Structures are given as structure tokens and as C-alpha cells.
Amino acid sequence: MLTEGIAEHANVIFPAESHAEKEGTVVHPDGRLQRMRTAIAHPGSVRAGWSVVAEIARRAGLETGALTSPMVFAQLVESVPFYRGLTLEEIGGRGVRWQDREAASAFPSGPDTVSAARPSQAGAQEGASNGGLRLGTYRSIWAAPEVEISPALQFTVAEQHVELAPEDAQRLGVSPGDVVDVSQNGTRLTATAHIRTGVPAGTAFLAEGIANGSANAFTEPDVEVHKR
């Protein structure tokens, strides 16, 4: 949407796709790649994001050779060692976790940032009584105004759920599908519990950018989770 602020400060403006108009792939916090398929057509002069990037590159003197979204994906997996050999057919309708593939061994070594972010055992025990967890956020591909106002896409409108590690769910007495309260400094929202083995212990992941109960309401790095 072209706003007065954008028009005032931007030198070049490209009509951007909404999530419902995109085609490609998305990677979830647990490393699962899933396909994105176009749900509604591009309006007006809106073009696919990859097409715009390819055109800018061409005008800057770099010919990418990308003519279609699958061609862009092929270049991506060729450039990223731990995606090497991955195909859209392999991803299919259920997705695939890149960590479970043989090519995952090519992932570059580095500091264990996930482990460093996890609370100590003593800290976890101290926070067990009040449900204290570190806050992690992600954005659903369906978190967009275009989805919310489209009658054909109402079934995809994102609702809030909290992703918990199995060990945190166990100590909090939370089971998959339970309704829980997530709070921070007097701000509270309701979410459905999803238990994920890929979530780091001591962390609660919530969706941001959704119409109701968005994690954007939280401004601090910690939240409390309580089963209703």
C-alpha cells in the first residue's frame, strides 16, 4: 500500500506481493521447508519479488537467467550447501526438514547460539512455578490484510498458538491443543498449545502480525504461560 510516508521518503517504489500472491518456499522455526503457492492473482503492476530482483540485477549488469519461480529455487539450492540436491518434488505437500537430509552435514560450524540462549537448569526450575519462558516470534504466511478481507481465504486466517518444547509443556502440565494464557506485564493473550520437538527448551514461540492476539503486543523478552 502506497502511503504518504512512503511517497515522501522513498526514491524508488516497487509494488509488493502479499503472502497470498507469492509462490516459493518458506522455512519454519523447526527447519521444515514448505511450499507456498499463489492463492490470488497479482493485481495491477505487481510482479513476483524474484522477478523484480532479477530485473534490477539485469539492469545493473548481472544476468541471473531466472525466468520462473522453479528456476529461482534451483539456483537457491545450488548456492546453499545444506540445501544441495533438494527439489520441489521432495518438499511436496508435507514439507521436509533440511536437518534430516544428508546435505545437512554441509551446514557451517559456528557458536551454539541456541544453546547459549537456553536458560540454565537452575533457571528453568526457578521459572517452573510461574511459567516463565523466553519469547520467540515468527510470522505466518497468511498474516496479511489481503487474507483477512478475502472471503475465499477466510479458512486460512491465522489464529494464535504457542509452540512449546516437550520438556516445558510437561513441567507446565500443558498438552497439545490446550488453551493457555500467555502474559507479560499485565498484557495477556489466549493461545492454543502446540508441542514441537524443534523448539529450544525454555522458549515459547508466538505468531506476530495476525489480526487477533498478535505477539506484537509484547515488548519484553520474557513471557509467562499458564494453562487455563
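Colleague: Ser183, buried or exposed?
Modeller: Ser183 counts as buried, because its relative accessibility is 10% and the cut-off for buried is under 20%. Bear in mind that this is a predicted model.
Colleague: Which strand is Ser183 in?
Modeller: Ser183 is part of strand E6, which covers residues 179–184.
Colleague: And what is Ser183 in contact with, leaving aside neighbours within four places in sequence?
Modeller: Arg188, Phe218, Val223 and Glu224 are the contacts of Ser183 once those neighbours are set aside.
Colleague: What about Glu163, buried or exposed?
Modeller: Glu163 is buried, with 10% relative accessible area. It lies in strand E5, residues 161–164.
Colleague: Which residues does Glu163 touch, not counting those up to four places away in sequence?
Modeller: Glu163 touches Tyr138, His194, Arg196, Val199, Thr203, Ala204 and Phe205.
Colleague: Switching to helices. Where does Val53 lie?
Modeller: Val53 is in helix H2, residues 49–59. Val53 counts as exposed because its relative accessibility is 56%, and exposed means over 50%.
Colleague: Which residues of H2 are buried, then?
Modeller: Those are Ser51, Val52, Ala54 and Ala57.
Colleague: What comes after H2?
Modeller: Gly61 follows H2, and the phi of Gly61 is positive, near 100°.
Colleague: How far apart are Val53 and Thr64?
Modeller: In sequence, Val53 and Thr64 are 11 residues apart; in space they are 9.5 Å apart, C-alpha to C-alpha.
Colleague: On to helix H3. Which of its residues are buried?
Modeller: H3 runs over residues 69–79, and its buried residues are Ser69, Phe73 and Val77. Viewed down the axis of H3, the buried residues fall within an arc of 75°, so they line one face of the helix.
Colleague: What do the buried residues of H3 pack against?
Modeller: They pack against E1, H2 and helix H4, residues 88–91.
Colleague: And which residues are exposed on the other side of H3?
Modeller: Glu78 and Ser79 are exposed there.
Colleague: You mentioned E1. What order do the strands of its sheet come in?
Modeller: The order is E1-E2-E3, three strands in an open sheet with antiparallel pairing. Strand E1 (24–27) and strand E3 (96–97) are the edge strands, each pairing on one side only.
Colleague: How many bridges join E1 to E2?
Modeller: Four bridges join E1 to E2, where E2 is residues 32–36 and the two run antiparallel.
Colleague: And which residue in E2 does Gly24 stand opposite?
Modeller: Gly24 stands opposite Met36.

Terms used. Residues numbered from 1 in each chain as written. Predicted model: local features only at pLDDT ≥ 70, side-chain atom pairs only at ≥ 80, totals over all residues. Heavy atoms only, no water. Buried < 20%, exposed > 50% of the residue type's maximum accessible area, 1.4 Å probe, protein only. Contact = heavy atoms within 4.5 Å. Pairing = 2+ DSSP bridges. Arc of directions from axis to C-beta.
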